Amino acid sequence: MVLAKLSQLKPGMVVAADVFNLDGQKILSAGATLTERSINLFKEWGILEVEILAAGEKLSRASHPGADPEKLSQIRATADRLFCRSNRDHPAVKETIDLFITHRLNQSNSNEAGGH
Amino acid sequence: MNPEDIIQGSVRLSSLPVVYFKINEVINNPDSSFEDVANVINHDSSLSARLLRIVNSSFYNFPSPIETISHALSIIGTQQLRDLALATTFISVFRGVPEQWISMNSFWRHSLACAIAARAVGMELRDGNTEKLFLGAMLHDIGKLILLENRPDSIWGILEQGRTENKILHLLEREHFGFNHGHVGAALLQAWNLPESLAAMVQFHHDPMAAGDRVQEAAAIHFADFFVKAMELGSSGDPLVPPLNPEAWEVLGLSTGFLERLWSRVDSQWREIVDIFLFG
């Protein structure tokens, strides 16, 4: 992941983290590919820097920005136990573990939302 | 001991539903029409009702409702509908297997999740025979049921050891019997005279690279089993997610980007399919 200045952005680059405007509204999601239009949009919104993926880098869902750290570490511990006999360095297994963690986080968030 | 010894004397040997043979007979007869096949299926009203629910579910997402079996046959194809028909009747074949160690409900929930995932892999790979993958994946663990019924002491010991020592069950089975539940399931399918491709998928789901010219299908079941264990949908007694065979993953040629779509597809179809198969 590299922090790129507006002038360095080119169509085809992939955004590594959600992009927000100054009002805190999300204008582009992590994983989106930049287009001329999105770069112009950044200019209009006064966004100066954007995190993008380095060449060959894959978007890490497992960084889970905004997740409750305590909850995240509990879920990671569950994943460690569940996948302890699996080949965790394989890209497809890694991705599956990422999905497991994401899904568990979503579940626990929606359980909380349902409880209020 | 070999897998054939274990299925000898199993009460399940003679319990394949009659309707399957009738469907097969009419499909294999070159003079049969769609109407002839439809008549056989319609004769079993609970089977035809279940099949119609499946073809009208999110599983297919057809734009307009399909109201008759002959319409379903013309859209899905006779082989595919036969495989689905067999899949829906299988749960009743295994009624009465002792449930102290694995509940049949969660066993079939796991099997159906695996079947949905394997079918989705087939669709991603533009495999023309997705319902065969569905059926193979649905049956991948039936050898466990035979072992539970016919070698309960051995298999209970294995399940207990798996639980306490965090070990993978099929490896413990191999240590104990010299083969795993895949081989037992395949022996049963062969005894039933089901297609060889189906037996190969079941036999090699833990060892897909040994499946010869069935390697792609076996790899699809192997991967689907891994994936739905990670999704924790149902349980076949394995407390842990097994390793993914890297060569099998290469054989499939899927991208890791597919996995997120696969997760949501299985997630969205699973409840409906479980409802139709287990309670329909």
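Which residue forms a salt bridge with A:Arg104? I looked it up: the partner is B:Glu232, with the closest N and O atoms 2.7 Å apart. A salt bridge here is a side-chain nitrogen of Lys or Arg within 4 Å of a carboxyl oxygen of Asp or Glu.

**Ground rules.** I note that this is a predicted model, where local features need pLDDT of at least 70 and side-chain atom pairs count only at pLDDT 80 or more, while totals for chains, interfaces and linings use all residues. Residues are numbered from 1 along each chain as its sequence is written, chains are lettered from A in the order in which they are written, and side-chain values use heavy atoms, with hydrogens and water left out.

**Interface of chains A and B.** I find 19 residues of chain A in contact (heavy atoms within 4.5 Å) with 21 residues of chain B. I then looked up the buried area, meaning the accessible area (1.4 Å probe) that two parts lose on being put together, summed over both. The value is about 1,700 Å², and carbon and sulfur atoms give 64% of that. On the chain A side, A:Leu82, A:Arg85 and A:Leu99 lose the most area to chain B, together 32% of what that side buries.

Next, the polar side. The rule finds one salt bridge across this interface. It also finds six residue pairs in polar contact, both at pLDDT 80 or more. A polar contact is a pair of N or O atoms within 3.5 Å; within protein, one must be able to donate a hydrogen and the other to accept it, and residues adjacent in sequence count only if both atoms are side-chain atoms.

Which elements of chain A supply the touching side? I list α2 (69–82) and α3 (91–115), each with at least two residues. The largest share, nine residues, comes from α3(A). Helices are DSSP runs (H or I, at least four residues), numbered from the N terminus.

**α14(B) and what follows.** B:Glu232 comes after α14(B), and its phi is positive, near 55°. In α14(B), 15 of the 17 residues are buried, so I call the helix mostly covered. Buried means under 20% relative accessible area, exposed over 50%, partly exposed in between (1.4 Å probe, protein chains only).

B:Asn245 sits in the loop between α14 (215–231) and α15 (246–252) of chain B. Is B:Asn245 buried or exposed? I read a relative accessible area of 16%, so B:Asn245 is buried. B:Asn245 touches B:Pro208, B:Met209 and B:His222, not counting residues up to four places away in sequence.
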